[in-house]
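I opened this entry to keep a record of what I looked up, in the order in which I looked.

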Amino acid sequence: MLAFRFGRAGRFIPLITAAVFILIAALNESDVNGYTLAFFLSIIIGSIVSSDRKAFGKAALGGLGNPMFGTVSIAIILASIAGKLVSGSGMIDALTAVLLHLDVSSGLFASLSFLLCCVLSMSTGTSVGTYIIAMPVFFPIGLELGADPLVMIGAIASGGLFGDNLAPISDTTIASATTQHAEMSDVVRTRCRYSIPVALLCFIAFLFLGGRGSVQHEAVAMESNPLSLAMLLVPASVIFLCLRKVDLIASLSIGIAIGSIAGLVLGIFSFSDLISYPGGFAVSGLFIEAISGSSSTVFMLIGAFMFLGILDEAEIINEIGRGMSFLARGRRSAELSVMLAIGIGGALTGVCTVSMVALGPIVHTIGERMGIRNERCANLMDCGGLSLTAVAPWTVHAVLPASLAMIAVPSAVIAPMDVVLHNLYPLFMIPLILLTIVFGGKENMKNS
């Protein structure tokens with residue numbers, strides 16, 4: 001066990017440091033770099049207060065030896081390229097332009113915005129990316145049409161979380177499935193039982209809550225290329241291959257190849273749009289932009305896995321595991337402990353993936369002991385844990401949509417708590433998962 005100054009309490013200094021700076025980053029509307037800074041500061045300060053700095057450094061570097069680090073990092077880079085193909089093609093503008101030619105109410109626009117954000121988040125595997133892409137487009141249009149601004153924000157945030165929760169290229173889906181040794185196809189298939197009904201409820205709720213204004217075609221002028229809808233081939237091929245149990249890295253690579261070829265053939269992209277060597281020791285194009293754009297997330301993962309290595313060697317994770325095992329006296333209590341632990345860990349760290357990676361092996365052990373199916377454990381982590389993380393008003397799922405909305409419409413005054421109260425996807429998902437915990441039966445057990 002790692003030794004620290006100030007006795008056993010000193011073990012918690014890295015954890016407290018990370019939590020404090022994550023909260024500061026959230027309150028100051030930081031991007032992912034704020035979370036990266038929090039993890040690296042926890043490593044620096046932890047090294048200062050450690051009694052054995054050599055052992056401390058070995059523990060930090062040992063965290064990078066976790067097999068999940070390579071899998072998640074490479075998957076995120078490839079998913080970023082796939083997402084860049086979709087967002088750079090103008091597909092979301094083409095989908096929006098279709099709506100502008102239909103006589104729909106503002107309430108229907110809000111619900112359709114949610115649906116399109118579901119498509120976008122399933123395509124890119126990222127809620128944050130969906131917020132960034134969709135908010136500047138849908139939020140101003142919705143307000144022009146008379147939609148309730150808070151409902152519009154809730155629709156965009158909910159659509160982003162849908163794909164984050166369900167898409168096989170999402171980091172949370174990857175982390176929850178791989179830590180539970182579950183087949184991605186089984187995870188996605190069983191997760192649809194939760195995600196699809198919740199999405200339908202959200203669609204109906206946004207339809208009635210959004211407002212009753214009418215679309216004014218002259219209100220928004222938008223140019224779009226209908227051919228960009230072909231980029232739906234990217235997420236469709238990745239999802240199809242994952243359901244066919246093709247390796248995730250291979251599925252993403254094939255999806256990127258299909259999207260690139262389709263984009264070149266249809267004239268959506270030129271080759272130089274994708275890859276270009278302009279000289280002067282420079283490389284440009286969509287591919288390198290996506291790889292560079294994902295670097296901040298990869299740096300965050302480097303800091304997070306080093307941080308987890310320290311917590312592991314300090315036996316803090318083991319203590320959390322013992323607490324979870326103590327609570328897990330039966331199926332219901334075991335499933336509840338999994339949901340709460342991932343959710344609280346996600347809220348504390350601000351990044352649910354970190355919580356899943358840290359506690360995933362413990363969850364798997366509890367699931368094996370209780371005979372709970374691997375995919376059920378993965379769904380408890382992602383559906384339950386991610387939803388609990390999303391309703392914490394200091395996390396990116398509340399802070400980022402609020403800030404993006406005020407940038408898109410400067411006259412709007414939106415607080416992160418407003419986002420939480422109107423983000424219906426997690427608000428509907430949490431009671432659904434709790435109901436399955438209370439009333440779920442043999443279908444969730446391995447011997448059923």
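Which residue in S2 is the bridge partner of Gly279? I kept in mind that I was reading a predicted model, and I found that Gly279 is bridged to Ala282 in S2. I then noted the pairing as a whole: strand S1 (residues 276-279) and strand S2 (residues 282-284) run in the antiparallel sense and are joined over 2 bridges. With 2 residues between them, S1 and S2 form a hairpin, and in its turn I read a positive phi of about 65° for Gly280.

Next I turned to helix H22, which covers residues 424-439. I checked its length against expectation: at 1.5 Å a residue, the 16 residues of H22 should span 22 Å, and because the end C-alpha atoms lie 23 Å apart, I recorded that the two agree. Among the buried residues of H22 I listed Leu424, Tyr425, Met429, Ile430, Ile433 and Ile437, and the buried set also includes Pro426 and Thr436.

Last, I looked up Asp186, which I placed in helix H10 (residues 184-209). Its side chain makes a polar contact with the side chain of Arg189, at 3.3 Å. I also noted that Asp186 and Glu375 are 189 residues apart along the chain, while their C-alpha atoms are separated by 6.5 Å.

Methods. Residues are numbered from 1 along each chain as its sequence is written. This is a predicted model: local features need pLDDT of at least 70, side-chain atom pairs count only at pLDDT 80 or more; totals for chains, interfaces and linings use all residues. Side-chain values use heavy atoms; hydrogens and water are left out. Helices (H or I, at least four residues) and strands (E, at least two) are DSSP runs, numbered from the N terminus. The expected span of a helix is 1.5 Å times one less than its number of residues. Buried means under 20% relative accessible area, exposed over 50%, partly exposed in between (1.4 Å probe, protein chains only). Two strands pair if DSSP finds at least two bridges between them. A polar contact is a pair of N or O atoms within 3.5 Å; within protein, one must be able to donate a hydrogen and the other to accept it, and residues adjacent in sequence count only if both atoms are side-chain atoms.
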